[in-house]
Amino acid sequence: MCGRYALSDSVNEQITEFVTETGRHPEEWSPDWESSYNIAPTQDIPILLDSAKSGELRFERARWSLVPSWSKELKLKFATHNAKAEGILEKNTWRKPVQSHRAIIPAHGFFEWTGERGSKQPWFIHHPEGQLLGFAGLYSWWVDRTAAEDDPNRWKLTATIITSDAVETLEGIHDRNPVILPQHMWLHWMDPSIVGTQELVDEAVRAGVAEASTLTFDEVAPFKVSDNGPQLLEPLSR
């Protein structure tokens with residue numbers, strides 16, 4: 001958890017509105033996310049970050065599975081699409097990103113499964129009014145040292161979603177859920193001038209409990225890894 005989520009192209013307008021309201025709208029601003037309803041780890045995802053270098057709020061594409069800057073390989077031997085909030089700074093993979101590279105990862109909902117292998121039942125978990133969710137995330141720039149310095153693919157932005165124990169209303173589906181931040185906390189979470197600590201992460205988790213408790217969940221039809229489209233979000237008729 002969270003291993004699949006959905007995000008429609010309405011995020012472009014919603015994120016633009018948020019950034020505009022902050023008064024930090026970049027001169028060149030053209031978010032171009034295409035709707036995707038079955039986003040999987042290692043695929044590209046959009047993330048919102050506060051750049052200490054440029055002072056801008058940036059809406060960037062990142063590889064969903066964080067790769068720490070010290071790694072020699074892009075593909076790690078362990079999963080990094082999620083990061084457990086508990087004791088997060090004890091892990092070398094997460095320590096630097098928590099301290100200075102925090103992001104918001106937007107979503108319109110996420111999937112979880114119940115049941116036994118071979119008969120898994122998917123559930124789509126989302127805001128009852130379809131509002132945009134903001135997952136607390138971390139990011140890291142990974143450099144491919146085998147590529148030429150002028151190769152545009154030399155630097156790769158990577159990201160992860162922080163998770164916590166599931167709220168009571170969702171624990172019957174899964175024992176973890178993403179840490180979901182209310183919009184008024186987005187700037188605080190991303191602020192690169194704040195050195196991230198376990199206390200900051202715990203503050204996010206506490207705020208996330210209230211947000212996750214408002215979510216609703218629908219049984220949806222089973223789908224394949226390669227399936228996509230808004231039909232994946234349609235509740236099963238009863």
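## Strand pairing and the open sheet

Two strands are said to pair if DSSP finds at least two bridges between them. In this predicted model, strand S8 (residues 121-126) and S12 are joined by four bridges and run antiparallel. Within S12, Glu219 is the residue that stands opposite Trp123.

S8 and S12 belong to an open sheet of five strands, whose order is S2-S1-S7-S8-S12 and whose pairing is antiparallel. Strand S2 (36-39) and strand S12 (216-219) stand at the edges; each has a single partner strand, so one side of each lacks a neighbour in the sheet. From one strand to the next, the twist averages 25°.

## Strand S3 and its partners

Strand S3 (residues 44-50) is mostly covered, with six of its seven residues buried. S3 pairs with strand S4 (residues 57-64) in the antiparallel sense, over seven bridges. In this pairing, Ile47 stands opposite Glu60 of S4. Six residues lie between the strands of the S3 and S4 hairpin, where Gly55 takes a positive phi near 75°.

S3 is also joined to strand S6 (residues 102-107), through two bridges, and these two strands run antiparallel. Here Leu49 has Ala103 of S6 as its bridge partner.

## The nonpolar cores

The largest nonpolar core contains 58 residues. The residues with the most contacts inside this core are Tyr5, Ile15, Ile47, Leu48, Leu181, Trp186 and Trp189. Helix H4 (residues 198-213) gives the most to the core, contributing six residues.

Leaving aside residues up to four places away in sequence, Ile15 touches Trp29, Leu48, Phe59, Leu132 and Trp186. There is also a second, separate core of seven residues, among them Tyr37, Phe124, Val220 and Leu232.

## Helix H4 and its surroundings

H4 consists of 16 residues and reaches 22 Å from its first C-alpha to its last, close to the 22 Å expected at 1.5 Å a residue. The buried residues of H4 are Leu200, Val201, Ala204, Val205, Ala207, Gly208 and Ala212. An α-helix has 3.6 residues a turn, so residues three or four places apart point the same way.

Several elements cover the buried residues of H4. They include helix H2 (92-100) and helix H3 (186-190), together with S6, strand S10 (155-165) and strand S11 (176-178).

Methods:
Residues are numbered from 1 along each chain as its sequence is written. This is a predicted model: local features need pLDDT of at least 70, side-chain atom pairs count only at pLDDT 80 or more; totals for chains, interfaces and linings use all residues. Side-chain values use heavy atoms; hydrogens and water are left out. Buried means under 20% relative accessible area, exposed over 50%, partly exposed in between (1.4 Å probe, protein chains only). A nonpolar core is a set of buried Ala, Val, Leu, Ile, Met, Phe, Trp, Tyr and Cys residues joined through side-chain atoms within 4.5 Å. Contact means heavy atoms within 4.5 Å. The expected span of a helix is 1.5 Å times one less than its number of residues. Axes are lines fitted to C-alpha atoms, for helices over the stretch in contact, and angles run from 0 to 180 degrees between N-to-C directions.
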